[in-house]
Amino acid sequence: MIYTRLLVAKLIALYLVQFVCTTAIAAEKRDSTEKKVNFVPVPYINYNRTGGFEFGGVPMASYRLSLNDTISPRSMTGFVGKYSTEGNWVTLIFQRMYWNEDNWRLTFAGGLASNGFQFFPDVPGGMPIDYNTSVAFGYIQVQRRVYRFLYGGLSYVMSKTDTEIEGQSNKETSFNAIGVKITADTRSNVYYPYSGFNDNISMSFTPEFLDNEFVGQRIEVDHNQYFAVIDKRDVIAYRVKGGFGLGDVAFEQQFIVGRNDIRGYTQGEYRGESIMTVQGEYRWNLYDKLGFVGFAGMATVWKSNIESNDGKLFPSIGGGFRYTVFPKTGMNVGMEAAVGLDDWGIYFRIGEAF
């Protein structure tokens, strides 16, 4: 059964390479005379052990808010619609805006989702327990350049979740978080950097006066570094990140190995109130628009619901391909596969992992 799934996944990956490249080339030809907006409809095909096969589309548009502003990166608007064979689905819109010679930056995302997952009870030989979370969410962040490459800004996150755990009653929870983010950004390109660094300190709060049931804080710190190699054609990149939950941390707010950072973990077995990850990538730009990536990483969690997982190391290794859909920005899409500790996953990628 596992071999059959891997074989099907490989065939789908090969199909995706061909379809993405064909679609992107056709879109680029259509938009070659367009001076302000470039549009690409990208197919979405993915697989993970919990959600099964996922199908959908990611239409994206790249443009300048002002044709006279050649310093700001190009802004981007997109939509994600996907559905899995296990009944999971997501619809969301996302927006990245840069204006006033990159003195202002705005990020927005919002949508609806229904996601089935698992967690593992803290008992010897405990079997995974299925749960499903339906969520409506919205996120907005605005940053202003403070000095040279230093940015500061505020964020707001709203989510309403309805979690149904197998054999238990439903749990509805609302989160309203306000946050502060400080960024030091010297990257040569925000979409595909060849040099520089991007450091972030994010602090979010779920205060009682916003009607939060769980009152606490989340602190996330990450450092991302990029080096051009082989005649400035390829890139070596690494990332170190820490996430820390303080106060009353809800089940839905726990950090999960494999959800947003380290690849190769799709079952949700390893989670906790704090996490630390480190990973590195080699980005091999073999052809003009087609490239490959190899990566390896490590993660650990603390205050896990399974005490024996506290401080345990979770390795990851994998690789994949990239295709440049927006040559003017260096924006890539692609697919990659990764193996973790007794786990693995196949991932569709919009942009780079970090």
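1. Strand E2 (residues 52–63) runs antiparallel to strand E3 (residues 75–84), and 8 bridges join them. Strands here are DSSP runs of at least two residues, labelled E and numbered from the N terminus, and two strands pair if DSSP finds at least two bridges between them. If you want a spot to look at, Gly56 has Lys82 in E3 as its bridge partner.

2. A word on the model before going on. It is a predicted one, in which local features need pLDDT of at least 70 and side-chain atom pairs count only at pLDDT 80 or more, while totals for chains, interfaces and linings use all residues. Numbering runs from 1 along each chain as its sequence is written, and side-chain values use heavy atoms, with hydrogens and water left out.

3. E3 also pairs with strand E4 (residues 89–99), again in the antiparallel sense and over 8 bridges. Here Phe79 has Ile93 in E4 as its bridge partner. The hairpin of E3 and E4 has 4 residues between the strands, and Gly87 in this hairpin takes a positive phi near 95 degrees.

4. Phe292 stands opposite Phe321 in E15. E15 then pairs with strand E16 (residues 331–340), antiparallel and over 9 bridges, where Gly319 faces Ala337 in E16. The hairpin of E15 and E16 has 4 residues between its strands, and Gly330 in the turn shows a positive phi of about 80 degrees.

5. Most residues other than glycine have a negative phi. Lys232, however, has a positive phi near 60 degrees, and Lys303 has a positive phi near 55 degrees. Lys232 lies in the loop between strand E10 (216–229) and strand E11 (234–247), whereas Lys303 is found in strand E14 (residues 290–304). Lys232 is exposed at 69% relative accessibility, and Lys303 is exposed too, at 53%. The cut-offs are under 20% relative accessible area for buried, over 50% for exposed and in between for partly exposed, with a 1.4 Å probe and protein chains only.

6. Now the aromatics. The structure holds 12 aromatic pairs. Among them are Trp99 and Trp104, with ring centres 6.1 Å apart and planes at 10 degrees, so this pair is stacked. Rings of Phe, Tyr and Trp (its six-membered ring) pair if their centres lie within 6.5 Å; planes under 30 degrees apart count as stacked, over 60 as edge-to-face and the rest as tilted. Trp99 is partly exposed at 28% relative accessible area, and Trp104 is partly exposed at 30%.

7. Phe149 and Phe197 have ring centres 5.9 Å apart and planes at 85 degrees, so they count as edge-to-face. Phe149 sits in the loop between strand E6 (129–147) and strand E7 (150–165) while Phe197 sits in strand E9 (residues 196–206), so the pair ties together parts that are 48 residues apart in sequence. Phe149 is partly exposed at 32% relative accessible area, as is Phe197 at 22%.

8. Two arginines are placed over phenylalanine rings. The charged end of Arg263 sits over the ring of Phe295, 3.7 Å from its centre, and Arg283 lies over the face of Phe354, 5.2 Å from the ring centre. The test is that NZ of Lys or CZ of Arg is within 6 Å of the ring centre and within 35 degrees of the ring normal.

9. Finally, have a look at the loop between strand E12 (255–256) and strand E13 (271–284), where you will find Asn260. Thr266 is in the loop between E12 and E13 as well. Is Thr266 buried or exposed? At 5% relative accessibility, Thr266 counts as buried, whereas Asn260 is exposed at 65%. The Thr266 side chain reaches the backbone oxygen of Trp344 at 3.2 Å, and Trp344 forms one aromatic cluster with Tyr47 and Phe53.

Terms used: Polar contact = N/O pair within 3.5 Å; in protein donor to acceptor, adjacent residues only side chain to side chain.
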